[in-house]
Amino acid sequence: GRHPPPFAGRLPHLCTPGVGKTTLGKELATRSGLKYVNVGDLAREGQLYDGYDEEYDCPILDEDRVVDELENQMREGGVIVDYHGCDFFPERWFHIVFVLRTDNSVLYKRLETRGYNEKKLKENIQCEIFQVLYEEALESYEKEIVHQLLSNEPEDLENNINEIMKWIEQWVKDHNS
Ligand code: DAT
């Protein structure tokens with residue numbers, strides 16, 4: 001059955017910014033000692049793009065080059081990967097996938113603050129409504145490893161970090177005995 005609220009999946013190059021991935025990912029890295037990789041930043045720094053989408057006013061990610069760029073690091077392990085999409089990553093890279101979900105009214109305000117144009121704003125909100133990213137995650141990974149997390153308020157962030165920290169500790173225990 002369907003899980004109730006929270007965090008999800010993927011679309012090629014839009015969707016769903018503003019749910020709190022970066023905030024969560026960085027804080028988690030600090031507390032856990034894992035490495036943090038922001039795919040958006042990586043692409044910008046290496047100009048890993050393949051054209052420009054005029055309609056959505058954003059560069060188009062060169063997914064193959066992103067995967068090549070990350071491969072060595074991912075093989076070593078211990079990496080938190082922050083991106084709104086997940087279908088183009090090799091399945092073997094991840095032990096667990098979290099999809100953050102934010103209520104539309106809350107999300108709208110966050111994206112407005114970022115100065116998104118009307119079309120981009122609408123598309124992104126639409127994407128959230130239809131749970132596009134969560135569906136994508138479910139199609140790309142074993143459904144047992146895909147989890148939704150609610151990310152409306154600071155308290156949610158704290159809860160999510162605590163939950164994920166517990167999972168990491170358990171995983172380390174299970175794999176070091
Ligand atoms: P993303 O990386 O998904 O684009 P972000 O981490 O940059 O999102 O967060 C977008 C904004 O929302 C930023 O101002 C921090 C804020 N935020 C993130 N998580 C939140 C939460 N659980 N409650 C309230 N605000 C949050």
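A backbone N or O atom of E153 sits 2.8 Å from a nitrogen atom of the ligand. Keep in mind that this is a predicted model, where local features need pLDDT of at least 70, side-chain atom pairs count only at pLDDT 80 or more, and totals for chains, interfaces and linings use all residues. Residues are numbered from 1 along each chain as its sequence is written, and side-chain values use heavy atoms, with hydrogens and water left out.

**Around the ligand**
- P154 also brings a backbone N or O atom to 3.1 Å from a nitrogen atom of the ligand.
- The side chain of R114 has an N or O atom 2.9 Å from an oxygen atom of the ligand.
- On its own the ligand has 550 Å² of accessible area (Shrake-Rupley method, 1.4 Å probe), and the protein covers 73% of that.
- The shell (residues with a heavy atom within 4 Å) has 14 residues, and the closest are G18, K21, T22, T23 and E153.
- α1 gives the most to this shell, with 3 residues.

**Nonpolar cores**
- A core here is a set of buried Ala, Val, Leu, Ile, Met, Phe, Trp, Tyr and Cys residues joined through side-chain atoms within 4.5 Å, where buried means under 20% relative accessible area with a 1.4 Å probe, protein chains only.
- The largest has 24 residues, and V39, V66, L70, F89 and F94 have the most contacts inside it.
- Beyond its neighbours within four places in sequence, F89 is in contact (heavy atoms within 4.5 Å) with V39, V66, L70, V81, Y83, F94 and Y141.
- Another core lies apart from the largest one, with 17 residues including V19, A29, L121 and I168.

Definitions and conventions. Buried means under 20% relative accessible area, exposed over 50%, partly exposed in between (1.4 Å probe, protein chains only). A polar contact is a pair of N or O atoms within 3.5 Å; within protein, one must be able to donate a hydrogen and the other to accept it, and residues adjacent in sequence count only if both atoms are side-chain atoms. Helices (H or I, at least four residues) and strands (E, at least two) are DSSP runs, numbered from the N terminus.
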